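Please look through the sequence and the model below before reading on. The report then takes up a few local features in turn.

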Amino acid sequence: MRAADGDVPGTALEQITDPFALEVHRAIDAPGSDNLPVLPAYVQRDHDRRLAAAVARSVDGANVLVTLVGASSTGKTRASWEAVQRLPAGWRLWHPYDPSRPEAALGHLADVAPRTVIWLNEAQHYLLAPDRHTAERVTSGLRTLLGDRSRGPVLVLATLWPQYWAALTAGPPEEGADDPYSQQRALLTQVGEYLSVSKAFTASDLVAASSRAVDDPRLAQALRGAADGEITQFLAGARELLSRYHNAPPAAAALIDAAMDYRRLGHGPALPHTLLAEAAADYLTDREYDALRENWLEQALAYCAKPARGVPGPLVPIRPRRGAPSAVQPAYRLADYLEQFGRTSRRLFCPPASFWDAATNAHQTDDQITLAEAAAARWRRRHAERAYRAFASAANTESLLWLAWRRERAGDAEGAERLCRQAAEAGDAGALVWLAEWRERAGDAGGAEHVARQAAEADALVWLAEWRERAGDAEGAEHVARQAAEAGDAGALVRLAEWREQAGDAEGAEHLARQAAEAGRPVVLRWLAERRERAGDAEGAERLYRQAAEAGDAGALVRLAEWREQAGDAEGAEHLARQAAEAGRPVVLRWLAERRERAGDAEGAERLYRQAAEAGDADALVRLAERWESAGDAEGAERLYRAVAAAGGPGVLRWLAEWRERAGDAEGAERLYRQAAEAGDAGALVWLAEWRERAGDAEGAEYVARQAAEAGAPHTLVWLAERREAAGDVNGAERLYSQAANLGDAGALVWLAERREAAGDVKATEAVYRQAAVGGNPDVLRRFAERREWAGDMEGAERLARQAAVGGATGALRWLAERRESAGDVEGAERLARQAAEAGNSRALHAMAGRREWAGDGEGAERLARQVAEAGDTGALLWLAQRREWAGDSEAAERLARLAAEAGDTRALLRVAQRREWAGDSEAAERLARLATDAGDAEALRWLAERRCVVDPGWAQLLRYGLEPDGSTSEPW
């Protein structure tokens, strides 16, 4: 949607009346629904209440990002649609999608105006874009926007499936490892807030839905037909989609299978007509293929696109939006629910040859590279290389370098060099550096140097200089390092100087350090001087410090001044300190002044304090004022304090006010406190309120405390309330706590809630605790839930625990689940543990699975482990698979390992395969390793092939050439 008024992105909200344009799912049809609104009656759930609070904060002026995380068709986009309906007039909504989602976001993020909703449905398209650089730029643009209050209020509404949330928010596997999504993790977890959207309605949600269903037959039908409370999925047609898929004619099923495979292996949502048509062939059996009619493709696509009960079909054509560039060919979109279904049900399946051939023949896009990487991960190397080669003509350097790496590994040095040169000509100078490194590792020293010199890049020259130094060629290393410095990187000279110094070549190190200083790195001279100083070479150190200072290193001047002072040369030290101050280091003058003061030279100290202050060191003025104050010159001290305040230090006025207060000048102290407050020091108001209170002026103290609270210090009201309470003024204390609570102090709300609870008013207590949770302290609801549990109010405790979990305090549900299990309520415990897992805390369910296993209930343990995996934590399945394997139950171990792999974690397959191999069951080990490979885990088969290739040449061939789509070893290619 583009703005009608200039370059501001978005459309006025009142003009947006079509929820389907924002990708809200269409609902099923039902008899009697013809004259109803296009969307079914809405049922508010826990996540809606939290979302409403976030929207309210944005309306009040805050920049807010909310990410709704849940499985397909759980109501994420509908919840966002309902939330924006609450926004007042004057807001607009921007849904970036043209020409592509990340490109649209990048192109206009800087133009977003205040009171804009940024609609990031399926946010993985923006934050997990195929081009990592693009995704990082979109992410950093959002962080910049949300962090700039002058551009607000802005409300960003994002939706993600759990697996995408997990990928974007997980840290690196180990310290020092690559962290590709650090920007995204910071955006989603530190800047924004997370809302879990449960896949099932709770009991209270179902009661609310029943009352709304009286006037909406679609909702009534969902209540009758949905299993396990999955109302939104039924409304979105999930059940119908699965039925259409499972009962599809062979050709239509082949298209859907191919579409699911393309999406799960990384292709974008728009699937070209030709891609699907070419891929379908090998998804059919010979009999099915021979039975195809001439118009089979049209018939299959018509079946896939046909809506049923008001819900779009499994695979529907994408209608180009008005103003969008014309597509090269028609494209189709797979239904969200089937996409998610395919990611699990087909995870262990490697697509057939026609799938990879169609991807290779497709129009060149980033999707082609993504699919080539998927082929390589599955050891389908011939197809991966063909896809890379097909894309390489578009000058994509990543594909060229991958091909070069493959040529190098195959022993084709000439071919590798040719491809690296192509990449370099396409703008990737690092390609020649890579080639030089390969040559060096192969022992071709002359070739490595030749290629590095051709790179004509500072990085390559730095690497070559270091290599020459390691080889003992000091003269050659220095020569190349100077070339690197001329190319813009003096770092090579710095590193060589460090090496020469460490090797004991002091003269050579100094020579190189001077060259580095001339090339813009004077700090290396200071580093060398410090080393000389530590070695006891004072003369050499001073000479180097002076050279560094002459080259513009102010830090060297500071050190020289310190030396002169320590040597008793006060005049020389002062002269150098002034030079350092002029070079931007005024603090050295204050340091020198303090030394003079300690030595009893008051006059010299004051002169240096003044010089430091003139050079911009405000702390020197403060120190001088303190000296005058100590000497009894109150007027002079105040004048200096005011000068500091005028330079941006309002806190100094507060110090002065405290001094006046100690001196008994109450009137002067109050005047200064007020001046400090007017200058922006809210702390001065806090002090003033406390002072009034101590003086017995309760009304005045309360008045000033309110001012302090409004200026950003609500804790002042809490402090005053505590004093009133201690004095027995309960009503006054409650009034002050209420004022602090209204200004956002969660601690005050907790106090009020405890007062209500002590009075026996449970309903009012819960309302106040909920207010505290909305204000950002959901943990208070957890504590209240615990108290309701102890009081025997099980229903109330569970309701509060769920509310706390919605706010992020998922430990409440886990604690409650453990309490229920201890009390023997196994069913209730399991229900609560599932809710905690859906909210992102699977520990209770994981622990419960372990307890079932230890108690001998293997079936129950396995059921719970599957539920943990559905919540994104495969650890329980891995543990159970290992337990079964150790117990000798190979069949169960393999089944559990498969379940873990289907949930996205192939580690169990590798571990079980390794145990089978060590136990001598080579057939089972190979079967499991191949299964892991088909799921995209290249390491399982590599481990097995490297073990076996020593005795079986066939495995050596597999290592070199990979697999065909049918799993057989590729012939040399």
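Which residues do ring pairs link into a cluster? In this predicted model, the cluster that ring pairs hold together consists of Y262, F355 and W356.

## Aromatic pairs

The structure holds nine aromatic pairs. One of them is formed by Y283 and F349, a tilted pair with 6.5 Å from centre to centre and 45 degrees between the planes. Y283 lies in the loop between α13 (273-279) and α14 (286-290), while F349 lies in the loop between α16 (336-345) and α17 (353-361), so the pair ties together parts that are 66 residues apart in sequence. Y283 counts as buried because its relative accessibility is 15%, which is under the cut-off of 20%, whereas F349, at 35% relative accessibility, counts as partly exposed.

The rings of W854 and W879 also form a pair, and because their planes stand at 55 degrees, with the centres 6.0 Å apart, this pair is tilted.

## Charges over rings

Aromatic rings also meet charged side chains in this model, as with F20, whose ring has the charged end of R26 sitting over it, 4.0 Å from the ring centre. In another case, R381 lies over the face of W379, at a distance of 4.2 Å from the centre of the ring.

## Helix α40

Helix α40 covers residues 715-726, which makes twelve residues, and from its first C-alpha to its last it reaches 16 Å, close to the 16 Å expected at 1.5 Å a residue. Its buried residues are T716, L717, V718, L720, A721 and R724. After the helix α40 comes G728, a residue whose phi is positive, near 90 degrees.

Is A52 buried, partly exposed or exposed? With a relative accessible area of 23%, A52 is partly exposed, because buried would require a value under 20%. A52 lies in helix α1, which covers residues 46-59. A52 and S80 are separated by 28 residues in sequence, and the distance between them in space, from C-alpha to C-alpha, is 9.6 Å.

Notes:
Residues numbered from 1 in each chain as written. Predicted model: local features only at pLDDT ≥ 70, side-chain atom pairs only at ≥ 80, totals over all residues. Heavy atoms only, no water. Helix = DSSP H or I, 4+ residues; strand = E, 2+ residues; numbered from the N terminus. Buried < 20%, exposed > 50% of the residue type's maximum accessible area, 1.4 Å probe, protein only. Expected span 1.5 Å × (residues − 1). Phe/Tyr/Trp six-rings, centres within 6.5 Å; stacked < 30°, edge-to-face > 60°. Lys NZ or Arg CZ within 6 Å of the ring centre and 35° of its normal.
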